[in-house]
Amino acid sequence: MDAFDEILKRAKPENEIFVSLNLDISEQVRFLLALHPEIKTQQKLSEKLNKQPSEISKWLSGLHNLTLESIAKMQAVLGSEIIMTDKRAREKYGSMSEGVSQKLTVSKKTQTFNYQLPEDGDYTLVA
Amino acid sequence: MFKQFSQVAFFAILREDESLSEAQKFFEKAKGWKELQKEVDDLVVWIREIGNRGANSEYFNRDENRSFALPPKGKRNRPERIQNNNIRLYCHWVSPHIVILFNGDIKTTSRAQDCPNVSSHFNNANAWAKKLDNIGIEHSGQEITNIKDLIFPV
């Protein structure tokens with residue numbers, strides 16, 4: 001085992017969760033930017049938020065201590081949810097079972113996704 | 001190849017007469033940085049996560065002339081004595097599936113060029129990045145297809 005793997009092994013669960021959640025949020029914001037009719041880039045997002053582009057770049061780096069307030073600001077500007085709890089997703093979308101195709105509404109665009117889910121069980125859709 | 005994950009292959013520079021690559025040397029040093037243990041652990045977890053998600057170029061936001069430095073710019077709440085994360089691991093972004101890791105250390109001055117710890121690594125990183133760009137890195141997915149051409153004096 002080399003030093004990289006030793007460090008990975010010693011990392012605490014909170015480190016893992018912090019980075020993973022952070023990157024989940026970054027990816028979700030980038031996904032929403034790609035779909036947004038007007039705000040397509042980090043640059044434009046920073047303009048809408050009245051922030052420097054470098055500040056938004058830090059927010060989305062995966063290693064920034066994002067506050068709920070910052071997430072709320074991005075969500076308000078993008079008009080779509082960035083984080084959704086499991087409970088809220090179930091209330092909004094219900095549970096999905098195998099073989100059902102779902103029509104998803106994303107922002108003001110409607111897209112239809114047809115897919116077969118791999119297993120039985122409840123699935124939580126994260127917006 | 002230094003490390004391979006589902007989306008990204010991380011490569012490293014290996015000097016002809018040495019057994020440890022430049023990246024391995026960095027992590028050997030870094031594992032002993034007790035006061036910055038949290039920052040080191042975050043960085044390694046981040047590298048693995050990027051490795052499994054894809055190396056989007058926007059994550060590499062710490063420009064260092066021709067190369068980049070990790071960790072990316074971002075701030076965690078830390079004690080006053082460790083307000084700035086001054087760890088610098090220099091790297092070269094090639095594609096969303098290939099990143100070349102160099103070496104680094106803890107930066108102690110405002111400019112990397114002035115720091116006794118990182119100045120040589122900063123200079124090497126930029127020289128190597130320039131050399132690699134001049135030779136041209138041909139790649140397909142996670143594979144550097146002309147890797148045998150990427151041999152140069154270090």
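The exercises below work through the contacts between two chains of a predicted model, each task being followed by a stepwise solution.

In this predicted model, local features need pLDDT of at least 70 and side-chain atom pairs count only at pLDDT 80 or more, while totals for chains, interfaces and linings use all residues. Residues are numbered from 1 along each chain as its sequence is written, chains are lettered from A and ligands numbered from 1 in the order in which they are written, and side-chain values use heavy atoms, with hydrogens and water left out.

**Exercise 1.** Determine how many residues of chain B are in contact with chain A, and what area is buried between chain B and chain A.

Step 1. Taking contact as heavy atoms within 4.5 Å, one finds 32 residues of chain B against 29 residues of chain A.

Step 2. Buried area is the accessible area (1.4 Å probe) that two parts lose on being put together, summed over both; between chain B and chain A it is about 2,900 Å², with carbon and sulfur atoms giving 56% of it. On the side of chain B, the residues that lose the most area to chain A are B:Lys31, B:Arg53 and B:Tyr59, which together make up 21% of what that side buries.

**Exercise 2.** Count the salt bridges and polar contacts between chain B and chain A, and state which elements of chain B give two or more residues to the side that touches chain A.

Step 1. One that joins the two chains pairs A:Asp5 with B:Lys3 at 2.9 Å, N to O.

Step 2. A polar contact is a pair of N or O atoms within 3.5 Å, where within protein one must be able to donate a hydrogen and the other to accept it, and residues adjacent in sequence count only if both atoms are side-chain atoms; 15 residue pairs, both at pLDDT 80 or more, are in such contact between chain B and chain A.

Step 3. Helices are DSSP runs of H or I with at least four residues, numbered from the N terminus, and the elements of chain B giving two or more residues to the side that touches chain A are helix 1 (22–30) and helix 2 (37–53). Helix 2 of chain B gives the largest share, 13 residues.

**Exercise 3.** Explain why helix 2 of chain B is described as largely enclosed by the rest of the structure.

Step 1. Buried means under 20% relative accessible area, exposed over 50%, and partly exposed in between (1.4 Å probe, protein chains only).

Step 2. Because 13 of the 17 residues of helix 2 of chain B are buried, this helix is largely enclosed by the rest of the structure.

Step 3. After helix 2 of chain B comes B:Gly54, with a positive phi near 115°.

**Exercise 4.** Locate the salt bridge between A:Asp24 and B:Arg53, and state whether each residue is buried, partly exposed or exposed.

Step 1. The side chains of A:Asp24 and B:Arg53 meet at 3.0 Å, N to O, and the pair crosses between chains, from helix 2 (residues 13–35) of chain A to helix 2 of chain B.

Step 2. A:Asp24 is partly exposed at 37% relative accessibility, and B:Arg53 is partly exposed as well, at 22%.

Step 3. Both residues belong to a network of salt bridges that also links A:Glu16, A:Glu27, B:Arg48 and B:Glu49.

Terms used:
A salt bridge is a side-chain nitrogen of Lys or Arg within 4 Å of a carboxyl oxygen of Asp or Glu.
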